[in-house]
Amino acid sequence: MIYKKWTILVFLINCFLFVKCLDKKGIYKDNIDTSKSLVLDGKSDYLSSSIVIGFDTFNVIIDTTLNYLIVAERKCDGCTQYPPYYRESQVFENIQCDSPACHSIGNTCDKPNKYDPPTCGYETTLQQYGANIKTILYRDIISIDDFKNIPVIIAAIYEQSNGVSLNSAILGVGPSCPTCPPSPLQSLLYTLKKPYIFGISLDKNYFGGISIGKIDPLLYTGVINYTTMSKRDGVYSVSPIFVGSHWNDQLFNSTRNDIKRFIISSSSSLSYFPSTPYKQLKQFLKNAGCKSGDLDFCSKIDSLFNSCINASQISIDRFPDIDLYFEEGFILTIPPKIYFHSISRNNQVFICMGILESTDTNAILGINLMRELYTVFDNEKTLIGFSRK
Ligand SMILES: *[C@@H]1O[C@H](CO)[C@@H](O)[C@H](O)[C@H]1NC(C)=O
Ligand SMILES: *[C@@H]1O[C@H](CO)[C@@H](O)[C@H](O)[C@H]1NC(C)=O
Ligand SMILES: *[C@@H]1O[C@H](CO)[C@@H](O)[C@H](O)[C@H]1NC(C)=O
């Protein structure tokens with residue numbers, strides 16, 4: 001089906017970094033609203049922002065599943081990233097293989113040329129791009145808006161194999177953990193003596209912002225419901241006790257046996273369920289939706305799982321909420337207007353399913369399900385919070 005491709009096409013995301021919380025003039029101004037948007041750009045299906053290394057401005061994808069700042073080197077084999085490429089500043093340093101910063105998963109000890117001593121590297125597969133990358137790690141400085149000369153670790157790609165073009169650099173905001181390197185955001189906040197807390201706030205159209213260093217009361221209403229943050233495998237995840245839905249006397253109920261955890265991924269535009277619960281959800285929606293006796297509606301449900309369909313031909317308000325039940329006693333409700341999304345093509349609007357089948361045993365909560373939420377990543381208290389925008 002031709003429409004299927006569109007689900008991976010571009011959504012417009014305008015991303016601000018709200019830095020009210022980072023007022024450098026400090027303690028006397030804490031109660032003054034000096035809200036300022038740090039960055040605004042985007043036109044991608046990811047959260048994006050920009051940073052400066054040396055004299056070059058890099059567009060960056062904000063990625064909750066990585067801890068590095070990943071930029072292509074000037075001399076990069078098979079790299080598909082567009083310029084600018086990383087050039088070491090005057091103060092750069094290599095990271096020695098025996099340094100504590102070189103003991104994370106994926107670290108390697110490389111000898112980039114015969115003149116220099118071996119230096120620490122990092123190899124990984126960027127799932128979203130299907131790209132295998134090899135990088136050399138550098139200590140160097142970057143600037144994010146007014147915040148100049150922030151010391152971070154840069155992973156400069158010198159070899160890419162497979163995968164599609166990386167059209168941006170990647171700014172990791174992954175979890176802090178004893179075996180993870182500090183993410184560039186963590187380094188920034190550490191330099192500013194702020195806690196490693198950030199929140200992602202998105203509206204229905206992926207417009208939103210990121211609060212860093214604190215929880216921003218302007219970005220949510222009501223309470224923040226917190227659940228335990230797992231940092232296993234260097235990614236943020238949460239584990240609801242079960243995921244349920246109820247519609248036309250039919251029940252969908254998937255427990256931790258089926259969905260062990262939801263990895264929260266700001267670099268995934270869509271969300272995923274493992275095969276078994278995905279098939280159950282599909283069956284549930286078909287059975288329950290067809291029970292209404294509306295044959296036209298019933299036939300559309302099947303099509304929705306195969307492609308996007310003409311928005312004027314289906315009413316998504318008829319679909320049920322999907323609820324995530326947490327141990328802490330709260331429910332995170334995902335309404336159909338969130339798990340479906342719409343795309344426009346040739347002045348026509350199409351509706352697409354935003355939860356797909358994963359080949360993995362983990363579920364992925366991508367940015368489509370983070371819409372109309374303020375999602376808080378509190379690395380200090382090891383909690384993930386959800387509140388309404
Ligand atoms: C789903 O199953 C779990 C475990 O069997 C049970 O505790 C829970 O009440 C069920 N939820 C619904 C909505 O039926
Ligand atoms: C979508 O539906 C409308 C109204 O039924 C129709 O006019 C239009 O041609 C349809 N578009 C496509 C691409 O099928
Ligand atoms: C927080 O929990 C309460 C109680 O379950 C619920 O009414 C509210 O919708 C929750 N908010 C979010 C954003 O999940």
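Colleague: What makes the link between the side chains of threonine 333 and aspartate 323 a polar contact?

Modeller: The two side chains are joined at 2.9 Å. A polar contact is a pair of N or O atoms within 3.5 Å; within protein, one must be able to donate a hydrogen and the other to accept it, and residues adjacent in sequence count only if both atoms are side-chain atoms. The value of 2.9 Å is within that limit, so the pair is called a polar contact.

Colleague: On what basis are such values given?

Modeller: This is a predicted model, in which local features need pLDDT of at least 70 and side-chain atom pairs count only at pLDDT 80 or more, while totals for chains, interfaces and linings use all residues. Side-chain values use heavy atoms, with hydrogens and water left out; residues are numbered from 1 along each chain as its sequence is written, and chains are lettered from A and ligands numbered from 1 in the order in which they are written.

Colleague: Why is threonine 333 called partly exposed?

Modeller: Its relative accessibility is 26%. Buried means under 20% relative accessible area, exposed over 50%, and partly exposed in between (1.4 Å probe, protein chains only). Threonine 333 therefore counts as partly exposed.

Colleague: Where is threonine 333 placed, and which residues does it touch?

Modeller: Threonine 333 is in strand E21 (helices, H or I, have at least four residues and strands, E, at least two; both are DSSP runs, numbered from the N terminus). Leaving aside residues up to four places away in sequence, threonine 333 touches Asp321, Ile322, Asp323 and Arg388, where contact means heavy atoms within 4.5 Å. Its C-alpha atom is 9.8 Å from that of valine 243, 90 residues apart along the chain.

Colleague: Is aspartate 216 buried or exposed, and what does its side chain approach?

Modeller: Aspartate 216 has 5% relative accessibility, so it counts as buried. It sits in the loop between strand E12 (208-212) and strand E13 (221-228). A polar atom of its side chain lies 2.8 Å from the backbone nitrogen of leucine 218.

Colleague: Which residues of helix H1 are buried, and what covers them?

Modeller: In H1 (residues 184-191), Pro184, Leu185, Ser187, Leu188 and Leu189 are buried. The cover includes strands E4 (69-77), E8 (131-144) and E9 (147-161), among others. Just after H1, lysine 193 takes a positive phi of about 55°.

Colleague: Which residues surround ligand 2, and which polar atoms approach it?

Modeller: The shell of ligand 2 consists of Asn310, Ser312, Gln313, Gln348 and Phe350. Oxygen atoms of ligand 2 lie 2.4 Å from a side-chain N or O atom of asparagine 310 and 2.8 Å from a polar side-chain atom of serine 312. A nitrogen atom of ligand 2 is 3.1 Å from a side-chain N or O atom of glutamine 348. Of the 360 Å² that ligand 2 exposes when taken alone, the protein buries 43%.

Note on methods: A residue is near a molecule or strand if one of its heavy atoms lies within 4 Å of it. Accessible areas come from the Shrake-Rupley method with a 1.4 Å probe; for residues, only the protein chains shown count as cover.
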